[in-house]
Amino acid sequence: MKDLANARAELARLQCRESELVQELMGVRKAVAAQKVVIDELVKARAIQHIERLPNELLAEIFLYIRGDRPNLVSVSRRWRAVIINTPGFWNEIYLDFYSSLPMLLKSHLERSRQTPLTMVLGSYDEEPLDVVIRHADRLRTLRILIPTSQILSRIFCARLPSLQYLTLRIPEDLVNLLPTIRSCVPALKHLELSVYSASSILYEHPGNDISHMTFPQIIAAESLEELSLKGFTFDWEFPQDNVQFPLLQRLALDINHPIPFLEALVAPKLTSICFTGGYRGEAIPRELTGIWSKLDNVTHITFALSRFKPVDREYLLFSECLCPIFRGIRHADIHVDYVPMLLDLSQTPDGQDPADYWTCLESLTIRSFTFRSLAALERSVSWFTQRRDLGRRKLHFKLMHEDQTDNLVVLNTSHTLYQTLQECCASVDVKTSQFP
């Protein structure tokens, strides 16, 4: 009997142990399943690209930098497509020629832009899409009219553009008298790029235009402008002395055939930066200077540039000399290498003074577009800096730039004799690649 009782007790103990083991096994199996889930989630997380973890708002900001790839971006995923469609900044740049005969698509894109400021580029006249955009004229902030006609100008500027701040206008001279009608339409205009071309070279017909004896204040709105770029022909324009008022103008770029009359007429007390570009020549440039030039003493930055698309005009290079004495407050000068022989050469002035020496406040000089063909100009620059040092004048910060598309670049290193001389004569020397502005 005792043996039987012991056997039954041992069985009970084993059955209890079996139950405990089964419970423990079930717990282990649950833990294994849970760990597998964790591992699967980690694997999936590692498989997701980092960009997909970004919030939509940040993703949209990144996409705006590459908005030109919009067709490719929307095809990547549903999420990317949704982000782009719901981001107004993707739809507020309107290249109107693209929507020719597609007014419904244009309406859709304008709806997606919501109430954001609009940029419009217009290269040809198509009445239907232009009418669609005109309904949103109050949102236009930037407008570029590349090939204007009287129909385009009349249609656009019959509407008021209260938010327009940036206007680029390429216009034949026989349409210039339409510009006064623009003045009252753009009360907030801050930046104007105006290019005027000879009507005889462009096929436009607008009978009845007579721009003779037209004064500049009649042609352009000047009250609110902060930046003006004027390019082309101004033969028939009148510039009454000290009568072109730009109370807020800060930056001015001139590429016109008669710059002196314009400067004589200019009154811009806040002007600090001016750029001259050679082009549209073929005749002697008047160099007789009249007027009170102290009005330009606030100009601290000057640039002498050359057009990328026109040959060098020596008449304009020589003309740069007579501009130096009227800008006596220059602190920073930026010049194309072709101007060096004219601006940094003692022999060019009767009093034996370099034209650039009129800039007594000069702090920095940048010379651009050096090549091996410009070594003589480089040597002349070094001689000029050496002369400044010997005369005890202020050391300048010097920057030597070359085009990244130019062959046969001048390479200066610390062991180069010219470089060592520049270091001795300048406050700092910087040699790098850059595009001319």
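What share of the contacts in the chain with a separation of 6 or more is accounted for by residues 24 or more positions apart? In this predicted model, such residues account for 69% of those contacts.

## The chain as a whole

The secondary structure of the chain comprises 14 helices and 17 strands. The chain has 437 residues, of which 43% count as buried.

## Two pairs of packed helices

Two packed helices are described by the angle between their axes and the distance between the axes. Helix α2, residues 56–64, packs against helix α4, residues 78–85, at an angle of about 75°, and their axes are 10 Å apart. Because the angle has this value, α2 is roughly perpendicular to α4. On the side of α2, the residues that meet the partner helix are Asn 56, Leu 59, Ala 60 and Phe 63. They meet Arg 79, Trp 80, Val 83 and Ile 84 in α4. By class, the contact of α2 with α4 consists of six nonpolar residues, one polar residue and one charged residue.

The second pair is formed by helix α13, residues 375–390, and helix α14, residues 417–425. Their axes come within 9 Å and cross at roughly 30°. The two helices are therefore roughly parallel to each other. The crossing in which α13 passes α14 is left-handed. From α13, the contact involves Leu 378, Glu 379, Val 382, Phe 385, Thr 386 and Arg 389. From α14, the contributing residues are Leu 418, Thr 421, Leu 422, Glu 424 and Cys 425. The contact of α13 with α14 has six nonpolar, two polar and three charged residues.

## Two buried residues

Where is Leu 153 placed? Leu 153 is in helix α7, which covers residues 150–157. With a relative accessible area of 4%, Leu 153 is buried. When neighbours within four places in sequence are left aside, Leu 153 is in contact with Ile 145, Pro 148, Cys 158, Leu 169, Ile 171, Leu 175 and Leu 178. Leu 153 is also 26 residues from Leu 179 in sequence, and the C-alpha atoms of these two residues are 8.7 Å apart in space.

Thr 142 belongs to strand β3, residues 140–145. Thr 142 counts as buried because its relative accessibility is 18%, and the limit for a buried residue is under 20%. Apart from neighbours within four places in sequence, Thr 142 is in contact with Leu 118, Thr 119, Met 120, Leu 164 and Tyr 166.

## Residues in loops

Most residues other than glycine have a negative phi. Ser 101, however, is a residue other than glycine with a positive phi, near 65°. Ser 101 is found in the loop between β1 (93–95) and α5 (103–112). Arg 114 is not a glycine either, and its phi is positive at about 55°. Arg 114 lies in the loop between α5 and β2 (118–122).

Phe 98 is located in the loop between β1 and α5. Phe 98 and Gly 123 are 25 residues apart in sequence, and the distance between their C-alpha atoms is 9.8 Å. Ser 294 has its place in the loop between β12 (273–278) and β13 (301–306). Ser 294 and Ile 326 are 32 residues apart along the chain, and their C-alpha atoms are separated by 7.6 Å.

| Residue | Relative accessibility | Class |
|---|---|---|
| Phe 98 | 54% | exposed |
| Ser 101 | 58% | exposed |
| Arg 114 | 45% | partly exposed |
| Ser 294 | 47% | partly exposed |

## Cysteines

How many disulfides does the structure hold? The structure holds zero disulfides. For Cys 185, the closest cysteine sulfur is that of Cys 158, at 7.9 Å. This separation is too far for a bond, because a disulfide requires a pair of cysteine sulfur atoms within 2.5 Å. Is Cys 185 buried or exposed? Cys 185 counts as buried, with a relative accessibility of 7%. Cys 16, by contrast, counts as partly exposed, at 42% relative accessibility.

Methods: Residues numbered from 1 in each chain as written. Predicted model: local features only at pLDDT ≥ 70, side-chain atom pairs only at ≥ 80, totals over all residues. Heavy atoms only, no water. Buried < 20%, exposed > 50% of the residue type's maximum accessible area, 1.4 Å probe, protein only. Axes fitted to C-alpha atoms, helices over the stretch in contact; angles between N-to-C directions. Helix = DSSP H or I, 4+ residues; strand = E, 2+ residues; numbered from the N terminus. Parallel < 35°, antiparallel > 145°, perpendicular 65-115°, else oblique. Left-handed = near helix turned anticlockwise from the far one by under 90°. Contact = heavy atoms within 4.5 Å. Nonpolar A, V, L, I, M, F, W, Y, C, P; charged D, E, K, R; others polar.
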